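Subject: Structure for your review

Dear colleague,

Please find the structure below, followed by an account of what was found in it. I would be grateful if you would read the two side by side.

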Amino acid sequence: MTHKILYIKILIALILYFNLNIALSQIVDNEQASSSIRWKQIETEFYRVIYPSTFENSAKRLVTQLPSIREKSSNSLSISPKKITLILQGNHLSQNGYVQLAPRKSEFYPIPSSVADNQEWLPNLALHELRHVAQFDKLTGRIKAPFFEQLALALYALNLPAWYFEGDAVQIETVHSAGGRGRLPSWEMPVRANLLSGKSYGFNKYVLGSFKDNVPSHYTIGFLMNTYMTNHYGIESHEKIMEEMRTKLLRPFNFQRAVKQVIGMRPSALFKQTMSELSAKWVQEQNNYSNHID
């Protein structure tokens with residue numbers, strides 16, 4: 001009986017071995033594109049754009065827009081980002097994108113958001129994600145090669161809080177476009193509602209989120225704080241902060257110290273100043289509206 005089981009196992013192994021080359025398989029994973037997709041690519045000086053063949057028209061249009069987007073996303077950081085692969089995942093319903101290192105690539109989910117906006121989705125998404133590329137290269141761009149790029153990504157995440165790098169990217173997509181989330185009334189609505197109703201939540205709750213109270217994501221509070229910094233200290237303050245951090249990546253509390261060095265206050269104080277200014281502005285607008293109605 002033991003020999004029969006052994007023979008059967010050997011027979012199964014041989015059948016699988018000789019038929020493996022014609023087996024069709026696909027990993028069941030949301031991150032895995034369908035095996036039926038026919039991929040194409042366009043190579044430029046600074047980008048390799050990979051896309052499904054069914055997405056060719058949009059991909060070619062994006063390629064013509066990339067030089068302008070690259071300039072807008074990186075100039076204020078005084079950086080010329082290295083070449084990167086852009087992957088357009090046209091078979092997703094997500095409205096998102098991300099950038100990573102090792103391998104160095106950025107993936108776009110180019111299906112338009114359901115939120116009303118006044119501009120084309122894909123170029124605006126590219127503007128946001130390529131700002132992250134510029135941030136990477138400004139802070140850790142001298143750390144190269146695949147293994148060291150993993151180290152660079154770790155140092156980037158260790159040094160820069162999410163509210164800052166996402167808020168900065170939202171600011172860039174707003175400043176350098178005709179739309180952007182920063183121009184949508186719905187974007188600031190939760191913060192505005194809280195301030196006008198007397199609900200004064202702290203910095204940590206806005207940054208970390210809450211299941212109890214209505215606070216927006218760190219994208220929103222990050223955008224508002226970055227905008228305050230730009231309005232009061234100039235767009236160059238962002239480049240100065242990252243340059244101050246770049247040579248001290250292992251310094252404890254590197255980001256907080258860099259912000260204090262450039263604008264004279266720590267992030268918690270920047271949050272309070274931002275909330276104070278927004279509260280005064282929105283209260284004045286509310287009073288003006290009430291007087292107009294009366």
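In what follows, helices (H or I, at least four residues) and strands (E, at least two) are DSSP runs, numbered from the N terminus. On that basis, the protein has eleven helices and five strands.

The model is a predicted one, in which local features need pLDDT of at least 70 and side-chain atom pairs count only at pLDDT 80 or more, while totals for chains, interfaces and linings use all residues. Residues are numbered from 1 along each chain as its sequence is written, and side-chain values use heavy atoms, with hydrogens and water left out.

Of the 294 residues in the protein, 42% are buried; here buried means under 20% relative accessible area, exposed over 50%, and partly exposed in between, with a 1.4 Å probe and protein chains only. The accessible surface comes to about 16,800 Å², and carbon and sulfur atoms hold 57% of it. Such areas come from the Shrake-Rupley method with a 1.4 Å probe, and for residues only the protein chains shown count as cover. Contact means heavy atoms within 4.5 Å. Among contacts with a separation of 6 or more, 59% are between residues 24 or more positions apart.

The cavity

A cavity is a set of points, on a 1 Å grid over the protein atoms alone, where a 1.4 Å probe fits but cannot get out; a pocket is an open set with protein on both sides within 12 Å along at least five of seven lines, and lining residues have an atom within 4 Å of a point. Grid points are joined across faces, edges and corners, and a volume is the space filled by probe spheres set on the points.

A search of the whole structure finds one cavity of 30 Å³ or more. The largest cavity has a volume of about 50 Å³, and its lining includes Lys-82, Arg-104, Phe-136, Asp-137 and Glu-149. Helix H3 (121-140) and helix H4 (146-159) are the elements that give two or more residues to this lining, and H3 contributes the largest share, three residues. The lining consists of four nonpolar, two polar and four charged residues. For these classes, Ala, Val, Leu, Ile, Met, Phe, Trp, Tyr, Cys and Pro count as nonpolar, Asp, Glu, Lys and Arg as charged, and the others, Gly among them, as polar.

Lys-82, one of the lining residues of the largest cavity, sits in the loop between H2 and E3. Lys-82 counts as partly exposed because its relative accessibility is 31%. Leaving out residues up to four places away in sequence, Lys-82 touches Phe-46, Arg-104, Asp-137, Gly-141 and Lys-144.

The second largest pocket

This pocket has a volume of about 200 Å³. Helix H8 (218-233) and helix H11 (267-293) each supply at least two residues of its lining. Among the lining residues are Phe-223, Tyr-228, Glu-277 and Trp-282. By class, the lining divides into five nonpolar, four polar and three charged residues.

Two residues with side-chain polar contacts

Arg-131 is found in helix H3 and is buried, with a relative accessible area of 0%. Its side chain is joined to that of Asp-168 by a polar contact of 2.7 Å. A polar contact is a pair of N or O atoms within 3.5 Å; within protein, one must be able to donate a hydrogen and the other to accept it, and residues adjacent in sequence count only if both atoms are side-chain atoms. Beyond its neighbours within four places in sequence, Arg-131 is in contact with residues including Ser-73, Ile-172 and His-238.

Tyr-201 lies in the loop between helix H6 (185-196) and helix H7 (203-208). Tyr-201 counts as buried, at 16% relative accessibility. The side chains of Tyr-201 and Asp-213 make a polar contact of 3.3 Å.

Backbone points to inspect

Most residues other than glycine have a negative phi, and most peptide bonds are trans. A cis peptide bond joins Ala-102 and Pro-103, with omega about 5°. Pro-103 is placed in the loop between strand E4 (95-100) and strand E5 (105-110). Ala-102 also has a positive phi, of about 55°, and counts as partly exposed at 21% relative accessibility. Ser-78 has a positive phi near 50°; it lies in the loop between helix H2 (56-74) and strand E3 (84-88) and counts as exposed at 55% relative accessibility.

Yours sincerely
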